[in-house]
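Subject: A structure for you to look through

Dear colleague,

I am handing over the structure we talked about, and I would be glad if you opened it beside this email. My notes on what was found in it come after the display.

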Amino acid sequence: MAIKTLLVFFILTLFYSFVINDTSETNEFVSPVLKTRRPFNRFSFSGKSYYVNNVVKGNFFLAWQFCRQQDMHVLSIKSQEESDKIAAFLRNNDLNKDRYWTSGTNLGDENAPWMWLSTGKKLSYTNWDSRQPNNLNETENCIEARFSENNDFKWNDEDCWTELYVICESVPDCKT
Ligand SMILES: [Ca+2]
């Protein structure tokens, strides 16, 4: 009798190990690429969430489409403190070799002050690289953020049709 009980227990254990466990893992399968990429490209700071897209490049307008598809907006940077946090994240995750669209633009009116399209507000803080904005060839109306030769996180006005990566942001009430 004891042997029969042990045998049943053994069979049930095998069944659980090979069938039930395998099924639950299959149901929760996540692409190894997504598993490794997504968590590292997202971070939060002071109530804002950020998502760094370093996979798909696009012009300023396609960058907007990409962020809206994530239910987010294109980046706006309001302070040196925020800029430093973003720069640290990019450096720590080896993302500081690329160039990223922000939502900064003067495309609507070149004579008006630069603004963040994500909030509709004028820049409250600027972090232009040296000799920028220079409106090279009079075609540069959108702000990119990238690292300078000194590894400083800086802004440059760029042609809106240039294909770059983008940083998206999520602001709960869009009032900051
Ligand atoms: Ca420029």
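What percentage of the residues of the chain count as buried? Of the chain's 176 residues, 23% count as buried, and please keep in mind as you read on that this is a predicted model.

I will begin with the overall layout.

The next thing to find is the largest nonpolar core, which has 25 residues, and in which W101, V166 and C168 are the residues with the most contacts inside it. The elements that give two or more residues to this core are β2 (48-58), α3, α4 (80-92), β4 (100-105), β7, β8 (153-159) and β9 (164-170), and the largest share, five residues, comes from β9.

If its neighbours within four places in sequence are left aside, W101 is in contact with F60, A63, V74, C142, E144, L164 and V166.

Most residues other than glycine have a negative phi, and most peptide bonds are trans.

Where does D71 lie, and is it buried or exposed? D71 is in the loop between α3 (60-69) and β3 (73-74), and its phi is near 65 degrees, a positive value although the residue is not a glycine. D71 has 8 other C-beta atoms within 10 Å, and because a residue with 12 or fewer is called exposed, D71 is exposed.

R131 has a positive phi as well, of about 65 degrees, and is likewise not a glycine. R131 lies in the loop between β6 and β7, and with 7 C-beta neighbours inside 10 Å it counts as exposed.

Finally, please look at the peptide bond that joins Q132 and P133, which is cis, with omega about 0 degrees.

With best wishes

Notes: Residues numbered from 1 in each chain as written. Predicted model: local features only at pLDDT ≥ 70, side-chain atom pairs only at ≥ 80, totals over all residues. Buried ≥ 20, exposed ≤ 12 C-beta atoms within 10 Å, placed from the backbone. Helix = DSSP H or I, 4+ residues; strand = E, 2+ residues; numbered from the N terminus. Core = buried A, V, L, I, M, F, W, Y, C linked by C-beta atoms within 7 Å. Contact = placed C-beta atoms within 7 Å.
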